[in-house]
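User: I would like to learn how to read pockets, cavities, cores and salt bridges in a model. Please take each feature in turn.

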Amino acid sequence: MSQAEYDQGLHDLGEGCHAWLQPDGSWGWSNAGLITGSGTSLLVDTLFDLKFTAEMLAGIAPVTDRHPLATLVNTHSDPDHFFGNELVAARGVEIIASAAAAELMTQESVDRLGMAKQLDGTVGEFIRTIFGPFDFTGITATGPDRTFTGELSLDVGGREVRLIQVGPAHTPGDTLVHVPDARLLYAGDILFVGGTPIVWAGPIQRWIGACELILDMDLTAILPGHGPVTDKSGVNDVRDYLVFVATEAGKRFEAGLSVDDAVQSIDLGRFAGLPEHGRIAQNVRNVYHSLDPSSDPANPLDVFARIAELEGFGPPANQPVS
């Protein structure tokens, strides 16, 4: 898919498969997918709030009117991939996610984001800036009806759809959605195309392993969680970034540098031009935590503060991640 084709809305990927794209793929602007079979369809993820999910459901109606939705698969527990679930559940659609993802699909996650948008100072301003278009009021967290661990094969109107859990990686319960007969993959946030990945769970080596798994598949098209439709070149880019972070952060850990000093000393090189480059703060912190599990994981608000600082948003954070 060319950049010119990366626009808002429904895109036909062929073989009865579709993508719902949300440029520009930055914070909260996630993608969803639609897989049709004989007289039915499966939705891959909902969106960050009820408004945008309702717009998507209306936008895919020309397809789902002919292939009614029967199943929703959430690729993971990040809010921008499940906060719209209640609108789909109201239609009697079965929701499926990995057991690890289900544990985090809670009302607390809704309330926490709503409160974060009300914070004072640089962190609050940064969160209101990146999440400003989204409305978290009135959302009822709606988790899966069925969970799985490992792999699960689904029959979608006579065609096989494979669910492959590869988390913990980006999050604890990341799942790939594979359509073998279409040679197509819905990757969730295992892939950020045109943006910087962020390792919330890790270890980072498992995410690298997930990329290697995708590279070994017979695929012609891949829908990332964020960004335009890609091929395996997009997978290579994500893997290369993660390998770079793991290598550079590992060197600095062995040298005894603090997380903050490590982040400051890393020259991102060819990755410096990626949007959201400040996510290196969380990524290095995650590598350090995997090498020293006794260390405390960073508070998400501290992470946002550090990212904001690195990206030149507002004055330096008062409490950098260390």
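User: By class, how many nonpolar, polar and charged residues does the lining of the largest pocket have?

Analyst: This is a predicted model, and what follows should be read with that in mind. A lining is read by sorting its residues into classes. Here the largest pocket is lined by 21 nonpolar, 13 polar and 6 charged residues.

User: What is the volume of the largest pocket, and which residues are the closest to its centre?

Analyst: The volume comes to about 1,100 Å³. Out of 40 lining residues, Asp-78, Pro-79, Arg-112, Trp-200 and Pro-300 are the closest to the centre of this pocket. For the elements involved, α5 (107–116), β11, α10 and α11 (300–310) each give at least two residues to the lining.

User: Which residues line the second largest pocket?

Analyst: Its lining consists of Phe-192, Val-193, Gly-194, Gly-195, Pro-197, Gly-234, Asp-237, Val-238, Tyr-241, Arg-270, Phe-271 and Leu-274. Helix α8 contributes the largest share, 4 residues.

User: How many cavities of 30 Å³ or more does the structure hold?

Analyst: A cavity differs from a pocket in that the probe fits but cannot get out. The structure holds 1 cavity of 30 Å³ or more. The volume of the largest cavity is about 50 Å³. Around it lie Asn-31, Ala-32, Val-44, Asp-45, Thr-75, His-81, Tyr-186, Ala-187, Gly-188, Leu-223, Pro-224 and Gly-225. The elements supplying two or more of these lining residues are β11 and β12. By class, the cavity lining has 6 nonpolar, 5 polar and 1 charged residues.

User: Next, the core. Which residues have the most contacts inside the largest nonpolar core?

Analyst: A core is read from its members and from the elements that supply them. The largest nonpolar core here has 79 residues, and Leu-43, Phe-131, Leu-176, Trp-207, Leu-242 and Val-284 have the most contacts inside it. The largest share of this core comes from α8, with 8 residues. Apart from it there is a second, separate core of 23 residues, with Tyr-6, Cys-17, Val-161 and Val-179 among them.

User: What does Leu-176 touch?

Analyst: Leaving out residues up to four places away in sequence, Leu-176 touches Arg-162, Leu-163, Ile-164, Val-166, Leu-185, Tyr-186, Ala-187, Ile-190, Leu-213, Ile-214 and Met-217.

User: Is Ile-127 buried or exposed?

Analyst: The cut-off for buried is under 20% relative accessible area. Ile-127 has 1% relative accessibility, so it counts as buried. Ile-127 is part of helix α6 (residues 121–130). With residues up to four places away in sequence not counted, Ile-127 touches Ala-116, Lys-117, Gly-132, Leu-301 and Phe-304. The pair Ile-127 and Leu-301 is 174 residues apart along the chain, with C-alpha atoms separated by 9.4 Å.

User: Why can two side chains form such a pair as a salt bridge, and how many salt bridges does the structure hold?

Analyst: Side chains of opposite charge can pair when their charged atoms come close. The structure holds 13 salt bridges. One of them joins Asp-218 and Arg-183 at 3.0 Å, N to O. Asp-218 sits in the loop between α7 (204–215) and β12 (221–226), and Arg-183 in the loop between β10 (175–179) and β11 (184–192), so this pair ties together parts 35 residues apart in sequence. Arg-183 is partly exposed, its relative accessible area being 37%.

User: Where do the partners Arg-270 and Asp-240 lie?

Analyst: Arg-270 and Asp-240 form a salt bridge whose closest N and O atoms are 3.1 Å apart. Arg-270 lies in the loop between α9 (259–265) and α10 (280–291), whereas Asp-240 is in helix α8 (residues 232–254), so the pair ties together parts 30 residues apart in sequence. Arg-270 is exposed at 59% relative accessible area, while Asp-240 is partly exposed at 27%.

User: What separates Glu-248 and Lys-251 in helix α8?

Analyst: Glu-248 and Lys-251 are 3 residues apart in that helix, so about one helical turn separates them. Their side chains meet in a salt bridge at 3.4 Å, N to O. Glu-248 counts as buried, at 16% relative accessibility. Elsewhere, salt bridges that share partners join Glu-212, Arg-239, Asp-240 and Arg-270 into one network.

Technical notes. Residues numbered from 1 in each chain as written. Predicted model: local features only at pLDDT ≥ 70, side-chain atom pairs only at ≥ 80, totals over all residues. Heavy atoms only, no water. Salt bridge = Lys/Arg side-chain N within 4 Å of Asp/Glu carboxyl O. Buried < 20%, exposed > 50% of the residue type's maximum accessible area, 1.4 Å probe, protein only. Core = buried A, V, L, I, M, F, W, Y, C linked by side-chain atoms within 4.5 Å. Contact = heavy atoms within 4.5 Å. 1 Å grid on protein atoms, 1.4 Å probe; cavity = no way out; pocket = protein on both sides within 12 Å on 5 of 7 lines; lining within 4 Å. Points joined across faces, edges and corners; volume = space filled by probe spheres on them. Nonpolar A, V, L, I, M, F, W, Y, C, P; charged D, E, K, R; others polar.
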